[in-house]
Amino acid sequence: TERMKPSFAALAPVFMASCLSLLSVHAEQPADPPPATPKAAGEDELNAGVELVKQKKYKEALERFKAAVEKGNLTALHNVGIFYMSGTGVQQDINKSVECFQKAAEKGQPSAQVQLAKMLIAGQGLKQDVAAGMQWLIEAVEAKSPEAMMCLGNLYKEGKDRDGNGPVPRDLAEYANWNRKAADLGNAEAQYQMGLVCLNGL
């Protein structure tokens, strides 16, 4: 797959304003465990945590996720970060959430890469760094993350600076391209957005 090589120096001023509205940093639902053959390290604990979340037993779920993290499960590490970000089942601690996302992202966990990108682009919990956020988004895109594809597409859709100007104009073709890629991977929101594009045009 051909790697994207955008000019981050050029993109940074263009995307800074739109990121705050497009890339929300509210707490998301913990990621479901990926299928693994053979069984991934800590998968039993991860599955147990996900089931406890469905039952709204958040404190117990957090303990299961932490147990999975101790066995090296990166999805669980992302989920622990979500809990600390939202204060679900534990006192809110943005610094701990950033630490979890950073560790998981550096080891290639796509959901953590996307969440870290959102925080960097929006400047929440971290010093705002649009270029670094874009780099994490591209890492996640290369791992076939539909969410990262949608975030990247949204940035192209709103490609402008605070005054509505910028050296890089918005690119609706790229917006549609990335949403289509996410839709092809089964992302329901991307499929809905592409339906609107088909009905109404760009």
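# Burial and salt bridges in a predicted model

Reader: Why does K103 count as partly exposed?

Author: The relative accessibility of K103 is 43%. Buried requires a value under 20%, and exposed a value over 50%. The figure for K103 lies in between, so K103 counts as partly exposed. Please note that this is a predicted model, and the values are computed from it.

Reader: What makes E99 and K103 a salt bridge?

Author: The closest N and O atoms of E99 and K103 are 3.2 Å apart. The cut-off is 4 Å between a side-chain nitrogen of Lys or Arg and a carboxyl oxygen of Asp or Glu, so the pair qualifies. Both residues belong to helix α5 (residues 94–106), where 4 residues, about one turn of the helix, separate them. E99, at 42% relative accessibility, is likewise partly exposed.

Reader: How many salt bridges does the structure hold?

Author: The structure holds 4 salt bridges. Another of them joins the side chains of K71 and E45, with 2.5 Å from N to O. That pair links distant parts of the chain: E45 sits in helix α2 (residues 43–54), whereas K71 is in the loop between α3 (58–70) and α4 (74–86), 26 residues apart.

Reader: Why does E45 count as buried?

Author: E45 has a relative accessibility of 11%. Buried means under 20%, therefore E45 falls in that class.

Reader: What makes E147 and K118 a salt bridge?

Author: Their side chains meet at 2.6 Å, N to O, which is within the 4 Å cut-off. This pair, too, links distant parts of the chain, with E147 in helix α8 (residues 146–157) and K118 in helix α6 (residues 110–122), 29 residues apart.

Reader: How are E147 and K118 classed, buried or partly exposed?

Author: K118 has 6% relative accessibility; this is under 20%, so K118 counts as buried. E147 has 25%, which lies between the 20% and 50% limits, so E147 counts as partly exposed.

Reader: Which residues of the largest nonpolar core touch the most other members?

Author: The core has 48 residues, and F65, F101 and L137 touch the most other members. Beyond its neighbours within four places in sequence, L137 is in contact with A117, I121, A148, C151, L152 and L155.

Reader: What does the secondary structure of the protein come to?

Author: The protein has 10 helices and 0 strands. Of its 202 residues, 43% count as buried. Among contacts between residues at least 6 apart in sequence, 54% join residues at least 24 apart.

Key. Residues numbered from 1 in each chain as written. Predicted model: local features only at pLDDT ≥ 70, side-chain atom pairs only at ≥ 80, totals over all residues. Heavy atoms only, no water. Core = buried A, V, L, I, M, F, W, Y, C linked by side-chain atoms within 4.5 Å. Buried < 20%, exposed > 50% of the residue type's maximum accessible area, 1.4 Å probe, protein only. Contact = heavy atoms within 4.5 Å. Helix = DSSP H or I, 4+ residues; strand = E, 2+ residues; numbered from the N terminus.
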